[in-house]
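I set out to read this structure from the start and to keep a record of each item that I looked up. The entries follow below.

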Amino acid sequence: MKTTQTIFEDGTHKWTAIVRDPAKPDYLIDTNEYLVQHAGQGLLLDPGGAEIFPAVFSALSAEFDPSKLTGIFASHQDPDIISSLALWLEFNPQMKCYISWLWESFIPHFGGTAETFVALPDEGAGISLAGLPLQAIPAHYLHSAGNLHLYDKQAKILFSGDVGAALLPPDKQGVFVEDFSSHIRHAEAFHRRWMASNEAKRQWCERASHLKIDMLCPQHGAVYQGDDVQRFINWFDELHVGVIRV
Amino acid sequence: MTAELTTSQWHGSGNGTSGAALDLLRIVRINEEIKRVVAVAFKINIMALNAIFLAKRAGNAALGFGVLSNELRVFSKDLRESMISLTRLIHDLVAEVSVVLQESRQDALFRRTLAQCSGNPMLDSVLERRNAQHDSRAQRISGLRRSLRLAVDDAARLVELGGVLAKSAKIEAAYGAGFASSLGQVSGEFDGVVEEIRSSLEILRRSKFFGGSA
Ligand SMILES: [Fe+2]
Ligand SMILES: [Fe+2]
């Protein structure tokens, strides 16, 4: 089973990271899921692939009543992000799935009906979780052509999808980044290959620099906190991405 | 607990050849056999058309042969129509069995979830609802299976009639005077293709999909 770790708490407003699963076979990429709670409602960010649904569901339900999940936020269309959609909908068929408009007609191949999807425009949009204002932030081409991150300005947390992702070795499984310079080595190849556009990356770094971020939470690897957030943005800004020589 | 999971459990159904997968495979084989019958039925149609012209040339001596050739054309048309209704049933079966296949992967994932957090009332009610859906789908599939079996039996009866027509054509050919040998050859061919269809239908009737051995 995966483990849960509370990374932010203020009254009913809470962020829980659902991470690591010692039983997960190596051929599946490791993913982080995040649950945002507010006033008894929950929003699940990048719920993960169908294969890891049992582990995510078990960990989540130990922490939170899954019937109170009102929505799923999918940063993009990848199978490791959202192929579990049909399984989650079994628990609450009214659940909404927030996704870039670009993928609105693609994701139903994983499940859901026309009523399930809330198509987010390219410029992003506000999402309210029982009155808590959350903001979908554009991150297109990082790496997906229709890609959005989610910012919680009250918690000062940015959920950053595949941006900030690191493929960590077995001996570096901490939830938070401990030593930036050694951590980032496990992120470099991933960003060079998966991130598609230097121009889009520049815009994202610019946008992220203007947000107050205490924690940057990627879908793979470890959470950046404190000064490591800006360190990451600076590092990413300087990295040359989207180049492949074959 | 989760560390004890085997790779096959992680893979979904736990075995690649579940009942639904086998059913789908058998349905595919049945469909291939139906396609073969349709192709032969087309062949009979063309052969019968040629036989009608031959009988016309033979004149009075081949009047009976001409009538039988006409009947064989009608038989070919009836057979093709019967295969169309079989194909429709196959289509409905494929649709239902495919859903079972898809659902079985999700069922396996839910079973794994249950193994990790049993006693979760929401999970129990989801599984209950899914089981009820599975039951009604299983009933629909067995209804379709029965209809398909009946349709195959109907087609087999039709082929018996075709066999009688081909045999009668053989007898009629003997009265074909100067055309007797060419009429005999044609009627022999009729007999051969009807035999081909008969063996295809026999394969269909013996399919494991209907509890048979093939
Ligand atoms: Fe991705
Ligand atoms: Fe990813």
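**Entry 1: the annotated stretch of chain A**

Helices (H or I, at least four residues) and strands (E, at least two) are DSSP runs, numbered from the N terminus. An unreviewed UniProt entry annotates these residues as "domain: Metallo-beta-lactamase". UniProt positions are given in the numbering used here, feature names are shortened, and annotations may be inferred rather than shown by experiment.

I noted the terms of the work: this is a predicted model, in which local features need pLDDT of at least 70, side-chain atom pairs count only at pLDDT 80 or more, and totals for chains, interfaces and linings use all residues. Residues are numbered from 1 along each chain as its sequence is written, chains are lettered from A and ligands numbered from 1 in the order in which they are written, and side-chain values use heavy atoms, with hydrogens and water left out.

**Entry 2: helix α1 of chain A**

I asked how many residues of helix α1 (residues 53-61) of chain A are buried. Nine of the nine are buried, so the helix is largely enclosed by the rest of the structure. Buried means under 20% relative accessible area, exposed over 50%, and partly exposed in between (1.4 Å probe, protein chains only). Among the buried residues of α1(A) are Phe53(A), Val56(A), Phe57(A) and Leu60(A).

**Entry 3: Ala222(A)**

I located Ala222(A) in the loop between β12 (215-217) and β13 (224-225) of chain A. Ala222(A) is buried, with a relative accessible area of 1%. Leaving aside neighbours within four places in sequence, I listed its contacts (heavy atoms within 4.5 Å), which include Arg20(A), Leu168(A), Phe176(A) and His183(A). Gln173(A) lies 49 residues from Ala222(A) in sequence, and 7.8 Å from it in space, C-alpha to C-alpha.

**Entry 4: where chain B meets chain A**

I found 23 residues of chain A and 19 residues of chain B in the contact. The buried area is about 1,800 Å², with 62% given by carbon and sulfur atoms; this area is the accessible area (1.4 Å probe) that two parts lose on being put together, summed over both.

I counted four salt bridges between the chains, each a side-chain nitrogen of Lys or Arg within 4 Å of a carboxyl oxygen of Asp or Glu. Arg112(B) and Glu51(A) meet in a salt bridge through their side chains (3.5 Å, N to O). On the side of chain B that touches chain A, α3(B) gives the most, with seven residues.
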